[in-house]
Amino acid sequence: MPVKNRFAELLPEITAWRRDFHAHPELLFDVHRTAARVAELCRAFGCDEVVEGVGRTGVVAVIRGRSDRSGRAIGLRADMDALPIVEQTGRDYASKSPGRMHACGHDGHTAMLLGAAKYLAETRNFDGRVVLLFQPAEEGGGGGREMVEAGALERWNVSEVYGMHNQPGLPVGHFAIRPGPLMAAADQFEIRVTGKGGHAAKPHETVDPMVISAQIILGLQTIASRIVDPLKQVVVSVCTITSDSPAHNVIPQVVVMKGTVRSFDKAVRALAEEKVKAIVSGIAGTFGASGEVIWHPGYPATVNAAENTGFALEVARGIAGEAAVIDDIAPQMGAEDFSYMLEARPGAYIFVGNGETASVHHPAYDFDDDAIPFGASWFAGMVEARLPAG
Ligand code: NI
């Protein structure tokens with residue numbers, strides 16, 4: 001099964017949808033224009049059910065196959081939100097909203113899934129149902145979790161889910177995936193060290209939270225180097241440090257540090273949280289200060305199920321050819337909130353090549369419309385492979 005011919009015919013139309021989304025980027029849950037357009041198109045394609053407002057501003061569209069002997073449904077997900085970035089591509093379809101940009105290619109993901117929807121509604125060459133999940137707020141808002149919590153998977157009896165992201169650096173027409181963890185869990189922490197301020201020339205009369213914080217930053221590095229199994233991955237980064245000192249000669253009372261922990265394994269994730277808290281309170285206590293940690297759990301790790309990854313690979317190879325599909329790409333320390341859907345149901349998340357563009361989240365990033373037939377073919381191909389018509 002190479003790229004479906006229908007997608008070559010539909011390419012100008014899908015590209016026009018994509019560029020319209022690109023010119024009108026919306027942030028987090030405020031994807032009202034995008035969601036309305038997605039719903040309008042799905043209705044025009046003849047989808048059997050289109051429901052708006054799932055998980056706040058998500059859209060769910062259902063397409064029934066030619067038969068329903070299996071009673072099964074599979075979910076295909078795309079994200080709709082953009083980023084608070086000033087676009088520098090200079091394209092004629094560049095953002096018309098200053099300070100907002102589709103710099104992660106979610107406009108492309110949404111357009112590719114719409115293309116697959118149009119094809120699937122035309123052909124219906126499958127058994128059971130396809131449930132299209134257009135989610136808001138991937139970029140930090142947890143829109144995927146909102147859709148799961150809103151019951152999007154239960155309500156339509158979805159038994160497996162698939163998602164896709166474009167990948168700069170991977171040639172257009174190529175795919176990459178791996179079974180198991182693909183994207184990291186991303187937690188945030190805020191550390192507050194409270195000592196006793198005073199004159200910088202009389203340090204012995206103070207409990208200096210600056211020096212204690214320096215020890216804490218170094219102590220936290222032992223989580224990766226001495227606490228977690230070196231064959232498992234973890235990143236602990238302290239990224240900001242501020243104090244309440246107004247001047248070069250005042251030892252502060254309080255220092256606040258913020259950072260992130262990235263991990264793949266649930267046990268490693270829990271261990272890192274426990275050790276961050278222990279190191280902060282232990283080091284602060286040793287020097288007579290108090291140390292407090294506020295933990296903000298972020299997206300869980302994105303974990304591909306082995307069997308579903310096998311199907312995803314087979315479909316990708318059918319489209320792109322054996323040589324253009326990587327089956328063991330290295331996991332990435334970035335995070336992705338499709339992880340909530342993959343925690344709820346087995347499935348897989350695949351990368352589709354975007355060629356030699358700037359990286360995602362960069363002001364010069366540019367989605368390559370030539371990737372559309374590959375991505376759309378994969379979405380449609382997964383349905384025909386997993387729900388074969390009798
Ligand atoms: Ni993204």
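**Notebook: pockets, nickel site and domains**

I began with the largest pocket: 29 residues line it, and Glu139, Gly334, Ala335, Glu336 and His361 are the ones nearest its centre. For the record, a pocket here is an open set of points on a 1 Å grid over the protein atoms alone, where a 1.4 Å probe fits, with protein on both sides within 12 Å along at least five of seven lines; lining residues have an atom within 4 Å of a point.

I noted that the model is predicted, that local features need pLDDT of at least 70 and side-chain atom pairs pLDDT 80 or more, while totals for chains, interfaces and linings use all residues. Residues are numbered from 1 along each chain as its sequence is written, and side-chain values use heavy atoms, with hydrogens and water left out.

**Largest pocket, continued**

I looked up the volume of the largest pocket and found about 610 Å³. A volume is the space filled by probe spheres set on the grid points, which are joined across faces, edges and corners.

I then sorted the lining of the largest pocket by class: 10 nonpolar, 13 polar and 6 charged residues. The classes put Ala, Val, Leu, Ile, Met, Phe, Trp, Tyr, Cys and Pro under nonpolar, Asp, Glu, Lys and Arg under charged, and the others, Gly among them, under polar.

Which strands each supply at least two residues of this lining? I listed strand S5 (158–167), strand S8 (185–194), strand S12 (254–263) and strand S16 (347–353). Strands are DSSP runs of E with at least two residues, helices are runs of H or I with at least four, and both are numbered from the N terminus.

I also checked the lining of the largest pocket against the domains: at least three residues come from each of domain 1 (5–183 + 302–386) and domain 2 (185–296). The domain bounds come from an automatic or database domain assignment.

**Second largest pocket**

I found about 200 Å³ of space in the second largest pocket. Its lining has 13 residues, with Phe264, Asp265, Lys266, Ala301 and Val303 closest to the centre. By class I recorded 6 nonpolar, 2 polar and 5 charged residues in the lining of this second largest pocket. Domain 1 and domain 2 each give at least three residues to the lining of the second largest pocket.

**Nickel site**

Which atoms coordinate the nickel ion? I found Cys104 (SG), His106 (NE2) and His165 (NE2), at 2.1 to 2.2 Å. Donors are N, O and S atoms within 2.8 Å of the metal (3.2 Å for Na, K and Ca), and sites may look incomplete because water is not among the atoms.

Along the chain the donors of the nickel ion have the spacing C-x1-H-x58-H. Cys104 sits in the loop between strand S3 (73–79) and helix H3 (106–123), and His165 in strand S5, 61 residues apart, so the pair links distant parts of the chain.

Are Cys104 and His165 buried or exposed? I read a relative accessible area of 6% for Cys104, which is buried, and 7% for His165, also buried. Buried means under 20% relative accessible area, exposed over 50% and partly exposed in between (1.4 Å probe, protein chains only).

**Chain and domains**

I counted 10 helices and 16 strands in the protein chain. The C-alpha trace spans about 80 × 45 × 40 Å along its principal axes. Of the 390 residues, 54% count as buried.

I took the centres of domain 1 and domain 2 over C-alpha atoms and got a separation of 39 Å.

**Single residues**

I placed Thr15 in helix H1 (residues 5–23). Thr15 is buried at 12% relative accessibility. Leaving aside neighbours within four places in sequence, Thr15 touches Asp369 and Ile372.

Asp369 lies in the loop between S16 and helix H10 (372–386), and is buried at 7%. With the neighbours within four places left out, the contacts of Asp369 are Leu11, Thr15, Arg18 and Arg19. I also noted 9.5 Å, C-alpha to C-alpha, between Asp369 and Met112, which are 257 residues apart in sequence.

Last, I looked at Ile217 in helix H6 (residues 209–227). Ile217 is partly exposed, at 24% relative accessibility. Beyond four places in sequence, Ile217 is in contact with Val238, Ile241 and Met257.

How values were computed. Contact = heavy atoms within 4.5 Å.
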